[in-house]
Amino acid sequence: MIDAQRRSLLAAFGASALLTLFPGTTRAATGHDTRFLLVLLRGGLDGLHMLPAIGDPAYAALRGDGAIADPIRIDSQFGLHPAMQQSAAMYREKQLLPIVAIAPPYRQRSHFEAQDCLENGTATPSGARDGWLGRCVGAMPGNSAIAIAAVMPLALRGSDRASNWSPPLSKKVDPLLLQQLGPLYAADARLSETFERSIHGATMMRDGKGAFALPEAMRVAAQRMSAADGPRIGFVEDSGWDTHRNQAALLQRKLAELDQGLANARDAFGAAWPRTVVAVVTEFGRTAAINGSGGTDHGTGGVALLCGGAVHGGRIGGDWPGLAPAQLNEGRDVRATSDLRGLFKRVLVEHVGLADAAIESKVFPGSRAVAAMQGVSLA
């Protein structure tokens, strides 16, 4: 990685070729007041549904009737789902950066193992009992973190400066029980949606103002993180992204919620938005082809979003592998060409301001072979 002194020297010479992921890189790396919010979409978001590869010759045939008919075209190769109007506006404002074909190092198809791998920050689901985001907080003297979640997520475990918050339940329900029941219902698309609606619409009402779903969770996280003495690291989670059947209707709603959540976060961060990065990630992608039930099954290569005033967006990041049969993983999935840990490393160094040594020894131990993601630096 380029150290701060060399980065300043290059900036002085106007090294425009070294376009960085974050326009405020030098300011952030010198320890100024930045925010980082991680949003985990549990269930495996279908990246080809949110970010259809309209310029890939194989896309239309693989998707058939499930192809997005009228995407918001953002470049010659990709579009955004029509439900993501506000996100498209952020893309045009160069505050949204989609990253394609990315996943944790796990290459099987278990939700639970993939999420554990993503959250513990190692190469295996059982690689650590605490989380990389918690270890990050531990390496940031004087800073704290908050999770908008009923139970402390694995990603933030391991730090005594991390706390979790969720709205009071209108009925006395054990939040740990809800967390355990979710995966059981997730195996069936109809039951999963019913369970999710029940939790959000009946038991997680907040002050009578409506369901505490993803948009509200992101607003609350941003509101708390924007306070002068608030946490600088945040975590939000959302379930219901496992779409084996009839995914078009379900993802129409879910993507609209994500879109509103990003807009809510932007508004709630307020004056802190120019110093903010929001990363939206999922544990793996889906199959490239639509299945016989109008859905997709568990895959590998997924998609991530970086959003915020500190993001150099308005372009596509990552290395697109293509959708031709020989380009797919095992002939069925988008092939993962980037490790999520590389993306997180880039955010932590360039935006949060952690030293390389702390990241390699503490936050992501045993990952020296995974370089901080460079592909997103290219305009």
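**Burial, contacts and cavities in a predicted chain**

Leaving aside neighbours within four places in sequence, G134 is in contact with A155, L156, R157 and S159, where contact means heavy atoms within 4.5 Å. The structure is a predicted model, in which local features need pLDDT of at least 70 and side-chain atom pairs count only at pLDDT 80 or more, whereas totals for chains, interfaces and linings use all residues. Residues are numbered from 1 along each chain as its sequence is written, and side-chain values use heavy atoms, with hydrogens and water left out. G134 is found in helix α7, helices (H or I, at least four residues) and strands (E, at least two) being DSSP runs numbered from the N terminus. With a relative accessible area of 1%, G134 is buried, a term that means under 20% relative accessible area, while exposed means over 50% and partly exposed lies in between (1.4 Å probe, protein chains only). G134 and A145 are eleven residues apart in sequence, and their C-alpha atoms are 8.1 Å apart in space.

The secondary structure of the chain comes to 13 helices and ten strands. Of the 379 residues in the chain, 54% are buried. The accessible surface of the chain comes to about 15,400 Å², of which 54% belongs to carbon and sulfur atoms; such areas come from the Shrake-Rupley method with a 1.4 Å probe, and for residues only the protein chains shown count as cover. Among contacts between residues at least 6 apart in sequence, 71% join residues at least 24 apart.

The largest nonpolar core has 53 residues, and those with the most contacts inside it are L258 and V278; a nonpolar core is a set of buried Ala, Val, Leu, Ile, Met, Phe, Trp, Tyr and Cys residues joined through side-chain atoms within 4.5 Å. When neighbours within four places in sequence are left aside, V278 is in contact with L37, V39, M218, L262, F269, W273, L305, L306 and C307. Apart from this core lies another, of 40 residues, among them L133, A145, A147 and A155.

Helix α11 (residues 247-269) has 23 residues and reaches 32 Å from its first C-alpha to its last, close to the 33 Å expected at 1.5 Å a residue, the expected span being 1.5 Å times one less than the number of residues. Q247 is found in helix α11 and counts as buried, at 1% relative accessibility. Leaving aside neighbours within four places in sequence, Q247 is in contact with D46, H49, R63, Q252, I290, G294, G295 and T296. The C-alpha atoms of Q247 and H49 are separated by 9.0 Å, although the two residues are 198 residues apart along the chain. N246 is found in the loop between β7 (233-238) and α11, and its phi is near 45°, a positive value in a residue other than glycine. Just after α11, G270 takes a positive phi of about 55°.

Helix α12 (residues 340-352) is largely enclosed by the rest of the structure, because 13 of its 13 residues are buried. Just after α12, G353 takes a positive phi of about 95°.

Two residues of the loop between β9 (302-307) and β10 (338-339) were also examined, D333 and E330. D333 is buried, with a relative accessible area of 0%, whereas E330 is exposed, with a relative accessible area of 61%. Not counting residues up to four places away in sequence, D333 touches R109, R286, T287, A288, H298, G299, T300 and L328. The phi of E330 is near 55°, a positive value in a residue other than glycine.

T122 is found in the loop between α6 (111-120) and α7 (132-138) and counts as buried, at 10% relative accessibility. T122 and F364 are 242 residues apart in sequence and 6.5 Å apart in space, C-alpha to C-alpha.

Four cavities of 30 Å³ or more are counted, a cavity being a set of points, on a 1 Å grid over the protein atoms alone, where a 1.4 Å probe fits but cannot get out, with lining residues having an atom within 4 Å of a point. Grid points are joined across faces, edges and corners, and a volume is the space filled by probe spheres set on the points. About 110 Å³ of space lies in the largest cavity, and of the 14 residues that line this cavity, the closest to its centre are G47, L48, G302, W320 and V334. α3 (47-50), β4 (96-103) and β9 each supply at least two residues of its lining.

Notes
On a 1 Å grid over the protein atoms alone, a cavity is a set of points where a 1.4 Å probe fits but cannot get out, and a pocket is an open set with protein on both sides within 12 Å along at least five of seven lines; lining residues have an atom within 4 Å of a point.
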